[in-house]
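Please look over the sequence and the model shown here.

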Amino acid sequence: MRWYPILFKTVLSRMDPEVAHHWAFRVIQAAPIAGGLIRRLCGPDPALRVRALGTTFPSPFGIAAGFDKNATAIDGLGLLGFGHVEVGTLTRHAQDGNPKPRMFRLVGDRGLVNRMGFNNGGAAAAVPRVERARMRRRRPIIGVNIGKSRVTEVEDAVADYVWSAQRLAPVADYLAINVSSPNTPGLRGLQELDLLEPLLSAVRDAAGSTPLLVKIAPDMEDEQIDGIVALARRLGLDGIIATNTTVSRDGLQASAAEIDRIGAGGLSGEPLRDRSLEVLRRIRAVEPDPGFCVIAVGGVESAFDVLERLRAGATLVQGYTAFLYTGPMWARSINRGLERAGFRGSGAPADTH
């Protein structure tokens with residue numbers, strides 16, 4: 001879309017990133033008004049279908065959690081070509097998140113720093129929206145990402161997650177446990193195995209037959225990654241999402257003054273690309289079984305990036321930050337690029353050429 005870089009440079013980049021996000025979000029929510037036209041323009045080819053988590057994804061590429069926090073734009077995002085939409089992060093208690101400003105662009109790095117703090121309307125409020133979206137005949141696969149409420153103490157986290165899982169698992173195609181955001185105090189500590197095991201066990205039991213994955217941080221040593229993979233397998237989880245945002249600021253083009261001005265938060269986008277790919281490869285070195293789903297996310301912008309993750313062992317791929325820089329035809333561009341590269345998914349119909 002040749003017009004989008006001009007719009008971004010002249011208008012959107014001058015707006016507060018969160019305000020710009022809300023304006024774009026409203027446009028996406030309105031997309032179903034022209035649903036048939038948009039579907040013909042952006043819908044993925046049947047050859048891209050991927051079989052995973054007991055269902056068929058229209059494309060291996062989806063939108064990561066954090067974009068549609070309250071499950072209010074699932075239909076529009078599906079029309080734009082995303083094969084799955086992971087909504088959330090949703091928490092037991094509705095919460096406003098951290099004080100604003102809390103989202104910052106690093107344009108030269110094609111990155112984004114956020115410290116949103118799981119701002120959402122609560123798990124219970126999202127249930128009917130997810131349920132309605134799931135009843136649509138033509139829809140993306142719907143994942144639901146759940147996290148710990150800020151008001152909940154770490155020692156009470158298990159009950160907090162279980163409460164959300166009990167309500168959301170029945171309406172989700174899969175459930176993702178977020179223990180890796182850097183923006184909720186104490187959350188990343190739940191990745192320690194002695195805390196993670198009882199949490200995963202309890203949520204697994206609450207989720208029932210709904211596929212369950214855990215989302216991990218990129219800022220862990222290899223031994224900790226290995227331990228989480230082994231734990232996930234032992235407990236019978238369906239997969240891992242790798243990775244969340246990073247607290248690292250290494251290798252950025254942005255000046256030290258700008259980084260200091262922005263302050264704390266999780267960094268996503270191009271600066272995360274290499275590390276998220278390393279984590280993916282580490283997971284597959286430990287667990288090569290293709291039946292164990294690995295969703296790769298972090299620094300994904302092009303069809304080449306998606307293919308690189310798939311060839312490195314990813315079952316599915318997600319993106320988020322590049323949506324801000326690339327525009328509404330992003331998923332279409334990636335799907336068309338996969339088609340041109342000859343990618344053929346595991347769920348493609350036999351007569352697709």
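## Basis

This is a predicted model, in which local features need pLDDT of at least 70 and side-chain atom pairs count only at pLDDT 80 or more, while totals for chains, interfaces and linings use all residues. Residues are numbered from 1 along each chain as its sequence is written, and side-chain values use heavy atoms, leaving out hydrogens and water.

Helices (H or I, at least four residues) and strands (E, at least two) are DSSP runs numbered from the N terminus. Axes are lines fitted to C-alpha atoms, for helices over the stretch in contact, with angles from 0 to 180 degrees between N-to-C directions.

## Helix 7 and helix 8

Helix 7 (residues 193–207) and helix 8 (residues 222–235) have axes that come within 11 Å and cross at roughly 30°. The two helices are therefore roughly parallel to each other, a term for angles under 35 degrees. Their crossing is right-handed, meaning that the near helix is turned clockwise from the far one by less than a right angle.

In this contact (heavy atoms within 4.5 Å), helix 7 contributes Leu193, Leu196, Glu197, Leu200, Ser201 and Arg204, and helix 8 contributes Gly227, Ile228, Leu231, Arg234 and Leu235. By class there are 6 nonpolar, 2 polar and 3 charged residues. Ala, Val, Leu, Ile, Met, Phe, Trp, Tyr, Cys and Pro count as nonpolar, Asp, Glu, Lys and Arg as charged, and the others, Gly among them, as polar.

## Helix 3 and helix 13

The axes of helix 3 (residues 35–42) and helix 13 come within 9 Å, crossing at roughly 35°. Here Arg40, Leu41 and Cys42 of helix 3 meet Arg332, Asn335 and Arg336 of helix 13. This contact has 2 nonpolar, 1 polar and 3 charged residues.

## Aromatic pairs

Rings of Phe, Tyr and Trp (its six-membered ring) pair if their centres lie within 6.5 Å, and planes over 60 degrees apart count as edge-to-face. The count comes to 11 aromatic pairs. One of them is Trp3 with Tyr4, edge-to-face at 5.9 Å centre to centre and 70° between the planes. Tyr4 is buried at 7% relative accessibility, whereas Trp3 is partly exposed at 46%; buried means under 20% relative accessible area and partly exposed lies between that and over 50% (1.4 Å probe, protein chains only).

Phe82 and Trp330 also form an edge-to-face pair, with 6.1 Å centre to centre and 70° between the planes. Phe82 lies in the loop between helix 4 (74–79) and strand 4 (84–90) and Trp330 in helix 13 (residues 330–340), so the pair ties together parts 248 residues apart in sequence. Phe82 is buried, with a relative accessible area of 2%, and Trp330 is buried with 1%. Both belong to one aromatic cluster, formed by Phe25, Phe61, Phe67, Phe82, Tyr320, Phe323 and Trp330.

Definitions and conventions: Angles under 35 degrees count as roughly parallel, over 145 as roughly antiparallel, 65 to 115 as roughly perpendicular and the rest as oblique. Rings of Phe, Tyr and Trp (its six-membered ring) pair if their centres lie within 6.5 Å; planes under 30 degrees apart count as stacked, over 60 as edge-to-face and the rest as tilted.
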